Amino acid sequence: MLAKIINKLRNGYMVYHIGVSFKEVSFCVKVLDILWKENLIRGYKKTNEGFITVFLKYHEGYPICNRLVVISRPRDRFYLSLLDLSRVLDESCSGVFILSTSKGIMTGDEAVRKGEGGEILAYAS
């Protein structure tokens, strides 16, 4: 389901839509909170019918979020330990890794601060 959400966001950015809508899933709100905290989206709004509308963010006519990639898929899980994660984050300073850890869904920086490794779900920059 995460792949569908990321694809809708990426396609919305490519055609310069103001917002995109999709059906609400349990963990998608956590992912959207991370994207909002990192200033990659303008925000989102839940409707009573179980849909979420995400408002996309642009700067001078260009999308803020240039790259949205799903890394871990159901058939190809991708896990990193704390040591490997800290090395990856040191090498790639730009962008946000979204991880699923034993303490919940969080960014790569939060996971390093909390001393957690986990499954890398997506990358956004």
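Does N39 count as buried, partly exposed or exposed, and at what relative accessibility? N39 counts as partly exposed, at 46% relative accessibility, where buried means under 20% relative accessible area, exposed over 50% and partly exposed in between (1.4 Å probe, protein chains only).

The model is predicted, so that local features need pLDDT of at least 70 and side-chain atom pairs count only at pLDDT 80 or more, while totals for chains, interfaces and linings use all residues. Residues are numbered from 1 along each chain as its sequence is written, and side-chain values use heavy atoms, without hydrogens and water.

**Backbone**

Most residues other than glycine have a negative phi.

| Residue | Phi | Loop | Relative accessibility |
|---|---|---|---|
| Y16 | positive, about 60° | between α1 (2-14) and β1 (19-23) | 47% |
| N39 | positive, about 60° | between α2 (28-37) and β2 (41-46) | 46% |

**Aromatic residues**

Y16 also belongs to an aromatic cluster with Y13 and Y58. Rings of Phe, Tyr and Trp (its six-membered ring) pair if their centres lie within 6.5 Å; planes under 30 degrees apart count as stacked, over 60 as edge-to-face and the rest as tilted. The structure holds three such pairs. In one of them, Y13 and Y58 have ring centres 5.6 Å apart and planes at 70°, so this pair is edge-to-face. Because Y13 lies in helix α1 and Y58 in strand β4 (residues 58-59), the pair ties together parts that are 45 residues apart in sequence. Y13 is buried, at 4% relative accessibility, whereas Y58 is partly exposed, at 26%.

**Nonpolar cores**

A nonpolar core is a set of buried Ala, Val, Leu, Ile, Met, Phe, Trp, Tyr and Cys residues joined through side-chain atoms within 4.5 Å. The largest has 27 residues, and L9, L32, L35 and V54 have the most contacts inside it. Helix α2 gives the most to this core, with six residues. Contact means heavy atoms within 4.5 Å; leaving aside residues up to four places away in sequence, L9 touches V20, L32, L35, V54, L56 and L68. Another core, of nine residues, lies apart from the largest one and includes L85, L89, M106 and I120.

Key. Helices (H or I, at least four residues) and strands (E, at least two) are DSSP runs, numbered from the N terminus.
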